[in-house]
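Look through the model first, then read on.

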Amino acid sequence: MSEITVLLENTKPEQSDFETEHGLSFYVETAQSKFIFDCGHTNLAWKNAKMLNVDLSAVNFVVLSHSHYDHAGGFPSLLKFVVPKIIYTGQNFWREKFSIDEENFLYKGCGFTKKNLFDWKIQQKICNDILRLDNDSWLVGNILKRYEFETIPKKFVFGKNKIADDFSDEIILILREDDGVAIITGCAHRGILNIAATVKERLKLPIKSIIGGIHLKGAASERIDKTFSELKNFGVKKFFLCHCSGLEKHKIMTGSKIKIE
């Protein structure tokens, strides 16, 4: 059995003392490991961790789903509580990311560098296709393009020449669930169906649950309906969605706990 605690997402239950921001951070426990999946933007995830009685000093490693500020920016502030030996990222993590806002380019990157990791004595391990973390968890990268309608907004660019971002740095966490797996995403910029198809192709296991952000905020109802129809064809029964998903029906909030058995 594994358990996910939502340390941070955009919203919180009414009357709670949790702090929120536009960002995402999960604390994940498997039978063998305790780790952080994404770190939010600032240090708010770690403040919430204290209220949730999560012992950050027990963290074995950190997984960063991609290098956008709202998922990776909080990593340096985590070092006040624990210095993990390893962070796992996808390829091209160090590309400088921007978004176009009214013809201005706004920096949206993680805010730290490869040299910072060296100075902190933290090893970076890169997931290209599939990488096993322990007996119950894997990372999957290099998400294949199978569904052409899952497009990436043109506002996302990277580098000095402001090239359209293909989010090749995006990686997905997979947790064992019964005779299948649960998919845990940061934002699913590459497309949740492309992700599901890639996971099914690589692991050859049924997909039981989708957890995290799936970037459908503002999407047309036709795309949303088609997405959920296809996910159900994959066999997905449970959805626990937050952050950039834009869907209230399956919403989880800061402080939520999800058991995966």
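## Charges over rings

A charge sits over a ring if NZ of Lys or CZ of Arg is within 6 Å of the ring centre and within 35 degrees of the ring normal. R95 lies over the face of F158, 4.0 Å from the ring centre. K162 lies over the face of F98, at 4.4 Å.

This is a predicted model: local features need pLDDT of at least 70, side-chain atom pairs count only at pLDDT 80 or more, and totals for chains, interfaces and linings use all residues. Residues are numbered from 1 along each chain as its sequence is written, and side-chain values use heavy atoms, with hydrogens and water left out.

## Aromatic pairs

Rings of Phe, Tyr and Trp (its six-membered ring) pair if their centres lie within 6.5 Å; planes under 30 degrees apart count as stacked, over 60 as edge-to-face and the rest as tilted. The count comes to 13 aromatic pairs. F156 and F167 have ring centres 5.5 Å apart and planes at 85°, so this pair is edge-to-face. Both F156 and F167 are buried (under 20% relative accessible area, 1.4 Å probe, protein chains only).

F228 and F239 form a tilted pair, with 4.9 Å between centres and 55° between planes. F228 is in helix 6 (residues 221–233) and F239 in strand 16 (residues 238–241), 11 residues apart; helices (H or I, at least four residues) and strands (E, at least two) are DSSP runs, numbered from the N terminus. F228 and F239 are both buried.

## A ring cluster

Ring pairs also link F75, F93, W94, F112 and W120 into a cluster.

Notes: Buried < 20%, exposed > 50% of the residue type's maximum accessible area, 1.4 Å probe, protein only.
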